[in-house]
Each structure stands twice: as C-alpha cells, then as structure tokens.
Amino acid sequence: MNKEDILYWLREKDEHKLNKLWNMADSVRKQFVGDEVHLRGLIEISNYCKKNCLYCGIRVYNTKLTRYRMRDDEILECVKFARKNGYGTIVIQSGEDTYFSRDEIAELIIKIKKHADVAITLSLGECDEQSLKIWKEAGANRYLLRFETSDEELFERIHTAKQSKSLERRIRQIEELKRLGYEAGSGIMIGIPYQTYESLANDILLFKKLDIDMIGIGPYIPHPETPLGREFIKDYKNDEERFVPNTEIMTYKVIALTRIICPDTNIPATTALATINTREGRILGLKRGANVIMPNLTPPKYKKLYEIYPGKSSADDEPEVIHQNVLKVIEQAGRRVGKGMGNRREL
Ligand code: 5AD
Ligand code: SF4
C-alpha cells in the first residue's frame, strides 16, 4: 500500500467499502500477530509535568489540577495486582516530573523486577541519553514516546516550546531508544485541529520508517482547561475536506492502515478510543487491527487526577473491575489473553 492508497482510505466514507479495509486489517493482524491480546498494566505514578503541550490537561499551567505522586509501596501494590492476574508488562507513566531523580527511577525499576517477572515499559516523556542507558541497565525493556504528528509546523503549533527542531529532537530520542535496545513505542492523536490528510498519511509512513514496535493511536479529545481545547470548543469548525476530524471512524481507519503497513507491530486499543465509545471502542479497535490493551491499574483516587483529557474511560473503577471488563472485551472480540511478555519479536 502506498501513500496514494493511504490517502484514498483516509478519505473514504462509504461504510461498505470500509468493510474491506477492516477485513484486510483483521486478516493481516491474524496472520502476523495472531489472536492473543497482550495486557500491559498501566500505573500513572505522577501527574506533575513541567511541559506545556497545548492539548494536554496535565500541562504545568493547568493550576486547577490537584497534583500527586505515588509512593513506592503504592506502586508495588499495583504491581502485585498485575502479577496475580498474569500481566506480562507493567507500564510506568508520568508527566515530565523533575522530582524523581534518574537513580530513583532506576531503583523503582529494580524493585519492580524483584517483585514480578514482567517486562517494564517506561513512559516518562523526553529525557537525556544517560538516563535511558541507566534505566536500561536497571531492567527497563521498552519506552513509549509519541511523536504526535510528523508535520513539523503542526508539531510546533501544538507545543509551546518555540524552539525549532523540537520534532526532530523527539524523533532522535526514538531512534536512540532503538539503538539502546529498547522496544520503542510511539503514536499520534487523530484530529488535532488543522491536521491534514497528507500529514496523517506521512505519520503512518513514519511509523514504518522508524520501525516502531508499539503504536498508540487515539482520537484528540478537547480538554476545556487547555488553550487548544478552549479554542476547539469555542470556535473551531472543522472543514472535513481539508482537515482530519477527531472521530471514532477516523481512528479505526488509522489503526487499520497502520496494521496493514506495519504488520507485525503491537497496536493497542487505546483508552482514548474507549473514552469516545465506552461500549465498543476497544472491541472494534481489536477487530480492526489492534492486539494490545493497557488496563489502567492506578488507584482511582489518583487516576481521576491523571486527566490528560476529560471523561477518561473507567476513571472511577478499581483495578479488579477494570480487569474484569477487559477480559469481557477480549472475549467479545473473539480473542484470547496473551501469554508471556508479548514482545514484538519473541526473544
Ligand atoms: N486528547 C487525546 N490524547 C491526548 N494526549 C494528551 N492530551 C490529549 C488529548 N487532549 C495523548 C498524547 C500524549 C499522551 C500522553 O496522551 O498523545 O502523548
Ligand atoms: Fe506533559 Fe506529556 Fe501532557 Fe505534554 S503530553 S503536558 S509532556 S504529560
């Protein structure tokens, strides 16, 4: 499939024709990654962030938000839950929180590894090479860092750091991750204001070029306490001929196309997707190319505060409830829970 084909599908609206795309993606998924759905237990350890991304609810300038950091013993409780339920991966996520030192994160990784035989994914934002090396040595296996968009101008418009080359720097970190032996995750948001079809097609091709191991794709959800969200809610009227809408169907199209173009990669049915369609967002994601779910194991009192966008799916539910729901989703999609760590290429 080339760029022309990608653009054709991104603009296709006919439900019958789209069925062909869903079927293609589903059969590629089956052939390359099988029926297993890998569970990655997500722990949001801190909602402090020094950055100011214009779309994100936990940006530093959102002063209305109560901030928290989880203690080690609270984090290890979540790890225990994950281990008991056979999860192969723990994802440690936070904003860009300067409070934790490099060594503290390394110690946390070592502690988690002692508690459970799991793969550890870090998702702590941009950081320096030395930290990545030390965390790798401590036992981290993967790192998630979304590039958000491959369009430099759009990237700069939605981020405040008005330094040029900010997209380039992010892509450099992704390449660095691969060099250091991490599995590298990345991803994008669908339908950020002024995102063109062309840029979205380029995003998918960039996943391929960078050989990304896990690709998170979710709709942009406007947050009223952010500059971009306020603009969107107040006066953004999307011209759908020119710019990509932040719809559910567009998200499935990108998941399906990404599966076809990067056949053996891991693709989660994201929480953002479950947020815009609680009943069947994840099920349809799994049926249209996805093969991973990241159940949120953060205790509800904290999870509610990790509000990157409003209405986050299952924000009030305890891990046990979340877990049972996820098992139901997997069953309803006609799939089974993955065994082992669910590495992209089994070691
Ligand atoms: N809507 C959807 N996704 C968002 N993210 C941040 N803010 C939003 C939003 N308003 C995503 C970004 C980021 C990840 C942590 O969450 O892609 O990389
Ligand atoms: Fe911070 Fe990430 Fe949100 Fe940006 S997207 S403000 S780096 S948590």
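1. **Basis.** Residues are numbered from 1 along each chain as its sequence is written, while chains are lettered from A and ligands numbered from 1 in the order in which they are written. Local features of this predicted model need pLDDT of at least 70, side-chain atom pairs count only at pLDDT 80 or more, and totals for chains, interfaces and linings use all residues, with side-chain values taken from heavy atoms and with hydrogens and water left out.

2. **Cavities overall.** The search of the whole structure finds three cavities of 30 Å³ or more. A cavity is a set of points, on a 1 Å grid over the protein atoms alone, where a 1.4 Å probe fits but cannot get out; lining residues have an atom within 4 Å of a point. Grid points are joined across faces, edges and corners, and a volume is the space filled by probe spheres set on the points.

3. **The largest cavity.** Its volume is about 980 Å³. The lining has 45 residues, and Q93, S123, R146, E148 and I308 lie nearest the centre. By class, 22 are nonpolar, 13 polar and 10 charged. Here Ala, Val, Leu, Ile, Met, Phe, Trp, Tyr, Cys and Pro count as nonpolar, Asp, Glu, Lys and Arg as charged, and the others, Gly among them, as polar.

4. **Elements around the largest cavity.** β1 (36-46), β2 (89-94), β5 (183-190), β6 (214-219) and α11 (271-276) each give at least two lining residues. The largest share, five residues, is from β6. Helices (H or I, at least four residues) and strands (E, at least two) are DSSP runs, numbered from the N terminus.

5. **Ligand 1.** Ligand 1 takes up space in the largest cavity. To sit there, more than half of a molecule's atoms must lie within 2 Å of the grid points. Residues around ligand 1 include Y55, C56, R146, E148 and I308; a residue is near if one of its heavy atoms lies within 4 Å. The shell divides into eight nonpolar, no polar and two charged residues.

6. **Polar contacts of ligand 1.** A polar contact with the ligand is a pair of N or O atoms within 3.5 Å. Oxygen atoms of ligand 1 lie 2.8 Å from a polar side-chain atom of R146 and 2.5 Å from one of E148. A nitrogen atom is 3.0 Å from a polar backbone atom of Y55. Taken alone, ligand 1 exposes 400 Å², and the protein buries 85% of that. Those areas come from the Shrake-Rupley method with a 1.4 Å probe.

7. **Ligand 2.** The largest cavity also holds ligand 2. Around ligand 2 are C49, K51, C53, Y55, C56, I58, R59 and G95. Five of these are nonpolar, one is polar and two are charged.

8. **The second largest cavity.** About 60 Å³ of space lies here. Among the lining residues are R40, V91, E183 and M294. The classes are six nonpolar, three polar and three charged.

9. **The largest pocket.** A pocket is an open set with protein on both sides within 12 Å along at least five of seven lines. The largest has a volume of about 340 Å³. Of its 19 lining residues, T278, R282, S314, N325 and V329 are closest to the centre. The largest share, six residues, comes from α14.

10. **The second largest pocket.** The volume is about 290 Å³. D97, F100, E126, C127 and W135 are closest to the centre among 17 lining residues.

How values were computed. A polar contact is a pair of N or O atoms within 3.5 Å; within protein, one must be able to donate a hydrogen and the other to accept it, and residues adjacent in sequence count only if both atoms are side-chain atoms.
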